[in-house]
Amino acid sequence: MEHPKYEQTLVIVKPDGVQRSLIGEVISRYERVGLKLVAIKMVIPTEAHVEAHYTLDPNWMRITGEKTIKGYKDKGLLPPSEDPLEITRVVLASLKKYLTAGPVVAMIWEGAHAVKIVRKLTGGTEPLTSDVGTIRGDYVLDSYSMSDLDVRSVRNIVHASGSVEEAEMEIKHWFTETEIQKYRLIQEQIIYDVNLDGIKE
Ligand code: ADP
């Protein structure tokens with residue numbers, strides 16, 4: 001088995017994150033936990049690229065629809081539809097507008113449990129219920145009911161891969177091999193070294 005410290009995940013600072021000058025804040029959250037940045041670039045994605053990104057996982061449409069329905073019902077509200085696929089078709093159309101509205105910053109973060117750690121620091125999809133202390137909980141006040149009313153995507157600053165399998169597909173979708181750096185950070189010796197050798201003089 002490959003050592004867990006080599007796990008990678010994809011993060012995208014979405015156009016609202018860039019416009020709100022939060023690129024540095026987002027980077028610092030992942031940096032300070034001990035993850036390593038191994039690739040970064042700014043691009044304005046095309047609608048085709050965004051659609052391909054969200055449909056890499058054949059289950060994404062169903063899961064996202066179900067999550068939205070649950071989000072409504074948990075608050076005692078009526079969802080716009082009981083059909084998860086119908087909901088996600090609308091979400092996807094809005095997402096294409098949202099993510100092509102301006103430059104985004106795509107990054108690959110590497111380290112132990114990178115996917116889960118990044119999701120934890122990022123917070124839940126809907127900022128109204130994202131935990132305090134997470135990026136989405138601390139910097140956005142959006143909700144499904146408001147975004148649906150205005151027929152747009154929920155704005156939540158960042159995208160982060162949902163699983164190791166998704167991360168592998170998404171990384172290939174956004175980066176070529178040559179754009180990904182292989183290097184050692186000095187702090188890895190403290191984070192991963194078994195014996196913490198070489199500190200005492
Ligand atoms: P996450 O980004 O947390 O993995 P999803 O993959 O379920 O969440 O959804 C992708 C993105 O689509 C979300 O980050 C959000 O911007 C948008 N979105 C999801 N569900 C809705 C919804 N019901 N209404 C508006 N936008 C949504």
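This is a predicted model: local features need pLDDT of at least 70, side-chain atom pairs count only at pLDDT 80 or more; totals for chains, interfaces and linings use all residues.
How many of the 201 residues of the protein chain count as buried? I get 43%, with buried meaning under 20% relative accessible area (1.4 Å probe, protein chains only).

Residues are numbered from 1 along each chain as its sequence is written, and side-chain values use heavy atoms, with hydrogens and water left out.

**Fold.** I looked up the secondary structure of the protein chain and found 10 helices and 4 strands (DSSP runs, H or I of at least four residues for helices, E of at least two for strands, numbered from the N terminus). Read from the N terminus, the order is β-α-α-β-α-α-α-β-α-α-α-β-α-α. The radius of gyration (over C-alpha atoms) is 18 Å, close to the 17 Å that the globule rule gives for 201 residues, so the chain is as compact as a globular protein of that length. That rule is 2.2 Å times the number of residues to the power 0.38.

**Ligand.** Next I checked the shell: 19 residues sit around the ligand, and Trp60, Arg119, Thr125, Val154 and Asn156 come nearest. H4 gives the largest share, 4 residues.

Then I went through the ligand's oxygen atoms. A polar side-chain atom of Lys14 lies 2.9 Å from one. For Arg119, a side-chain N or O atom is 2.9 Å from a ligand oxygen, and for Arg136 I read 3.0 Å. Taken alone the ligand exposes 530 Å², and the protein buries 96% of that (Shrake-Rupley, 1.4 Å probe).

Notes. A residue is near a molecule or strand if one of its heavy atoms lies within 4 Å of it. A polar contact is a pair of N or O atoms within 3.5 Å; within protein, one must be able to donate a hydrogen and the other to accept it, and residues adjacent in sequence count only if both atoms are side-chain atoms. Buried means under 20% relative accessible area, exposed over 50%, partly exposed in between (1.4 Å probe, protein chains only).
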